[in-house]
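Q: Could you walk me through this one? I'd like to ask about a few residues and then change topic as things come up.

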Amino acid sequence: MVTKAFQECLIDVYRGEVAGEAAFESMLGTADGVEQQYVIGSLLQFETEGKAIIGPLLMRLGLSMLEDPEGRAGGAAGGAHLGSLPWVERFVALRSLVEANYLPRYLELGTLVSAEEDLDAARVAMFMAVHEPAAPVAALLHFPLPRPA
């Protein structure tokens, strides 16, 4: 059985995926050319897949899968800001944002459950811990986008 601390952290991580999805969706609108569309689209796909991986666990634990509208709006606003930066600078800013605001919680999730307590929860927690600092993202996608020629 997972702890309340794990459940709270899982909800925070899910909210991070929602905000990330909204941010990359917003940034996709400012992509310049197929290469940028591929990069941002892959990041968007990664956040969407993260939500899909967490969803069944949320449901099994009786936790809400409803998205926080404020979190989605904040993610979209952040994505619009990042999208206004020059291409390389937006990823420098994104890295700082992730390291300061998301990575600690994602890493913490893996410390709050063991495989002996709940194998599925531990699997999700470990995926999310690898997911947030991941590079290259495309190699971790379950449904990768086609790379532009």
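Q: Is Glu67 buried, partly exposed or exposed?
A: In this predicted model, Glu67 has a relative accessibility of 29% and therefore counts as partly exposed, where buried means under 20% relative accessible area, exposed over 50% and partly exposed in between, with a 1.4 Å probe and protein chains only.

Q: And where is Glu67?
A: Glu67 is placed in the loop between H2 and H3; helices here are DSSP runs of H or I with at least four residues, strands are runs of E with at least two, and both are numbered from the N terminus.

Q: Is Lys51 buried or exposed?
A: Lys51 is buried, because its relative accessible area is 14%.

Q: Where is Glu17, and what is around it?
A: Glu17 lies in helix H1 (residues 4-28). Apart from neighbours within four places in sequence, its contacts are Phe46, Glu47, Gly50, Lys51, Ile54, Tyr106, Met128, His131 and Glu132.

Q: How many salt bridges are there by that rule?
A: The count comes to 13 salt bridges. One of them joins the side chains of Arg15 and Asp12, at 3.8 Å from N to O, and both residues lie in helix H1, three residues apart, about one turn of the helix.

Q: Which residues are networked with Arg15?
A: Asp12, Arg15, Arg105 and Glu108 are linked in a network of salt bridges. Arg15 is partly exposed because its relative accessibility is 46%, and Asp12 is partly exposed at 30% relative accessible area.

Q: What does Asp120 pair with?
A: Asp120 forms a salt bridge with Arg123, with the closest N and O atoms 2.8 Å apart. The two are three residues apart in helix H6, so about one helical turn separates them.

Q: Changing topic, where is the kink in H2?
A: A kink of about 30° lies at Ile54, shortly before the proline Pro56, the bend being the angle between axes fitted to the seven residues ending at a residue and the seven starting there.

Q: What span should H2 have?
A: The 27 residues of helix H2 (residues 34-60) should span 39 Å at 1.5 Å a residue, and the end C-alpha atoms are 39 Å apart, which agrees; the expected span is 1.5 Å times one less than the number of residues.

Q: What follows H2?
A: H2 is followed by Gly62, whose phi is positive, near 75°.

Q: And Val113, buried or exposed?
A: Val113 is buried, because its relative accessible area is 9%, and this residue is found in the loop between helix H5 (103-109) and H6. Not counting residues up to four places away in sequence, Val113 touches Val2, Phe6, Asp118, Ala121, Ala122 and Ala125.

Q: Which element has the lowest mean pLDDT?
A: Helix H6 (residues 119-131) has the lowest mean, 91, among the elements of the protein chain, and H1 has the highest, 97; pLDDT is the predictor's confidence in each residue, from 0 to 100. The protein chain averages 92, and 98% of the residues score at least 70.

Q: What ground rules apply to the values?
A: Residues are numbered from 1 along each chain as its sequence is written, and side-chain values use heavy atoms, with hydrogens and water left out. Because the model is predicted, local features need pLDDT of at least 70 and side-chain atom pairs count only at pLDDT 80 or more, while totals for chains, interfaces and linings use all residues.

Methods: Contact means heavy atoms within 4.5 Å. A salt bridge is a side-chain nitrogen of Lys or Arg within 4 Å of a carboxyl oxygen of Asp or Glu.
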